[in-house]
Amino acid sequence: MSFVYQCRHCGQMLGKIDQQVVDTSMLGLDKLSIEDKKEMIAYQENGDVHIKTICESCEESLGTNPHYHELDFFIQ
């Protein structure tokens, strides 16, 4: 089983944790609301967990271009 962190905007893989047993509270996943979990976490058939997050580049772009928050996708 792997936990794969990927940018929700550009798709860049930010990190991967390969472990058979992981305490999700150590990853902070227990702090998310039910709505956030539905939006951010996807469970794959092979047991992997994909977590949508944001990379530094996209975060910077959103910070300098606040109107991008209105868009579903701002990277073409």
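**View 1. Contacts of F3 in a predicted model.** F3 touches G15, K16, I17, V22, T24, L27, L29, V49 and I51. Residues up to four places away in sequence are left out of that list. Contact means heavy atoms within 4.5 Å. This is a predicted model, where local features need pLDDT of at least 70, side-chain atom pairs count only at pLDDT 80 or more, and totals for chains, interfaces and linings use all residues. Residues are numbered from 1 along each chain as its sequence is written, and side-chain values use heavy atoms, with hydrogens and water left out.

**View 2. The largest nonpolar core.** Seven residues make up this core: F3, Y5, L29, M40, I41, V49 and I51. Strands β1 and β4 each supply at least two residues of the core. A nonpolar core is a set of buried Ala, Val, Leu, Ile, Met, Phe, Trp, Tyr and Cys residues joined through side-chain atoms within 4.5 Å. Buried means under 20% relative accessible area, exposed over 50%, and partly exposed in between (1.4 Å probe, protein chains only). In soluble globular proteins, nonpolar side chains tend to be buried together.

**View 3. Strand β1 and its two partners.** β1 covers residues 2-7, and five of its six residues are buried. Strands are DSSP runs (E, at least two residues), numbered from the N terminus. Two strands pair if DSSP finds at least two bridges between them. β1 runs antiparallel to β2 (residues 13-18), with five bridges joining them. S2 has D18 as its bridge partner in β2. With β4 (residues 49-53), β1 pairs in the parallel sense, over five bridges. Q6 has K52 as its bridge partner in β4.

**View 4. Two hairpin turns.** The hairpin of β1 and β2 has five residues between the strands. There, G11 takes a positive phi near 85°. β3 and β4 form a hairpin too, with five residues between them. G47 in that turn has a positive phi of about 100°. β3 (residues 41-43) pairs with β4 in the antiparallel sense over three bridges. Y43 has V49 as its bridge partner in β4.

View 5. How many disulfides are counted? The count is zero, with a disulfide taken as a pair of cysteine sulfur atoms within 2.5 Å. The closest cysteine sulfur to that of C7 is in C10, at 3.7 Å, which is too far for a bond. C7 is buried, at 4% relative accessible area. C10 is partly exposed, at 36% relative accessibility.

How values were computed:
Helix = DSSP H or I, 4+ residues; strand = E, 2+ residues; numbered from the N terminus.
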